[in-house]
Amino acid sequence: MEELNALTRHLVSIPSHEDETACGDAIEAWLREETDAAVTRDDHGNVVARKGDGGSESLALVGHHDVVPPDESQVDSGEYVVEQRDGRIYGRGAADMKGAVAASMLAFRDADPAGELIFASFVAEETGGDGARGAIEDGVVPDYAIVAEGSTNYSKDGVTDVVVAHKGRRASSVVARGSASHASEPEAGVNAVYRACDAVDVIRELPAPEAEVFGERLSGTVVVTEIDGGSAWNVVPERCEVTIDERTVPGEYADLARVETVEGVEWVLEQDLPPMACDDEAFADAVLAAATAAQDGVPEQVTKPHATDAGWLSQAGTTCVICGASEPGEAHTRDESVSVEVLARCYRTYLGAAESWPSE
């Protein structure tokens with residue numbers, strides 16, 4: 001599909017790691033020119049389009065057009081470098097996730113939807129999901145959504161799977177406080193590093209959260225990733241901070257507040273990106289059927305380790321699955337690329353799902 005390849009290359013060429021405006025402009029202009037849908041651009045920068053029966057259940061094709069900062073080799077004269085060779089499109093955002101956004105745009109245009117069909121491309125996914133959260137606050141809460149994040153080669157090579165659950169991420173810190181003294185008289189102070197180490201021992205003993213979705217097991221993790229304390233080699237430290245990365249699962253969290261049983265220790269929650277779990281097996285099966293019809297391989301329902309905007313939508317009440325072109329290890333790399341064959345596969349999947357769901 002040369003049209004899909006050309007649209008992908010065009011979107012990938014537009015810088016959107018610091019300011020998503022230009023890429024949002026391109027998406028909005030294409031939708032207005034190529035479709036008769038009701039297209040809106042909200043104050044956050046999100047692009048949303050609607051078509052079909054607004055009185056029926058809605059299905060959304062969801063993506064994001066922001067990207068992480070590019071490697072210097074991926075930029076030339078103010079634009080992102082885009083190359084197509086050996087059946088792949090190379091460039092920042094090709095895999096995560098402008099290729100899938102392009103496939104969603106074309107499927108949205110071409111579909112004769114079974115109900116109301118929504119296309120949404122959000123901003124700020126890479127920095128915490130402010131775009132999705134803003135859209136949700138403004139009332140963009142579809143009944144169902146296919147979020148076009150990566151699901152290719154998850155169960156096996158050569159297939160694009162359907163993700164029915166993914167982990168969330170809580171970022172938090174433990175702050176231990178004591179009192180300073182000269183290191184030659186440690187008993188005159190209270191060592192905050194020791195208190196922090198006691199808190200780390202508590203964290204190491206916490207069980208990782210687990211959940212099950214449609215028979216798929218999802219296990220979380222809790223990991224101490226940084227520790228910072230002290231001011232000089234001869235001063236008993238009065239403050240020490242420990243950073244924690246927690247991967248959460250639907251309905252379950254590690255009991256990190258337990259660290260506050262250590263004297264002088266406070267647990268501080270800094271970010272909580274929610275997990276996602278599909279709550280409608282019939283919808284998950286319908287998208288899997290569309291994915292199966294769109295490819296020669298046999299896709300499966302799988303889980304995903306990364307948080308996405310599907311978490312925010314799911315938290316708001318949207319039934320979500322994830323299906324997209326990005327493969328493990330492709331996103332955020334200096335040689336990021338996406339398969340043109342897989343993009344076409346995603347287009348067919350989105351089109352088939354849009355024309356069959358909601359089912360009668």
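Residues are numbered from 1 along each chain as its sequence is written. Because the model is predicted, local features need pLDDT of at least 70 and side-chain atom pairs count only at pLDDT 80 or more, while totals for chains, interfaces and linings use all residues, and side-chain values use heavy atoms, with hydrogens and water left out.

We can start with the sheet. Three strands form an open sheet in the order 6-7-22, with antiparallel pairing; strands pair if DSSP finds at least two bridges between them. Helices (H or I, at least four residues) and strands (E, at least two) are DSSP runs, numbered from the N terminus. Strand 6 (83-85) and strand 22 (337-339) each have a single partner strand and stand at the edges, so one side of each is left without a neighbour in the sheet. On average, neighbouring strands here are turned by 20° against each other, direction ignored. Strand 7 (residues 88-90) is joined to strand 22 by three bridges, and V338 in strand 22 is the bridge partner of I89. Helix 8 (residues 340-356) lies across strand 6, strand 7 and strand 22, at about 60° to strand 22. Axes are lines fitted to C-alpha atoms, for helices over the stretch in contact, and angles run from 0 to 180 degrees between N-to-C directions.

Next comes the helix pair. Helix 1 (residues 2-13) and helix 3 (residues 94-110) have axes that come within 9 Å and cross at roughly 135°. That makes helix 1 oblique to helix 3 (angles under 35 degrees count as roughly parallel, over 145 as roughly antiparallel, 65 to 115 as roughly perpendicular and the rest as oblique). The contact (heavy atoms within 4.5 Å) involves residues including L4, L7 and L11 of helix 1 and V101, M105 and L106 of helix 3.

The backbone also deserves a look. Most residues other than glycine have a negative phi, and most peptide bonds are trans. Phi is positive at S77, near 55°, in the loop between strand 4 (75-76) and strand 5 (79-80). D86, in the loop between strand 6 and strand 7, has a positive phi near 50°. S77 is exposed, with a relative accessible area of 75%, and D86 counts as exposed at 72% (buried means under 20% relative accessible area, exposed over 50%, partly exposed in between, with a 1.4 Å probe and protein chains only).
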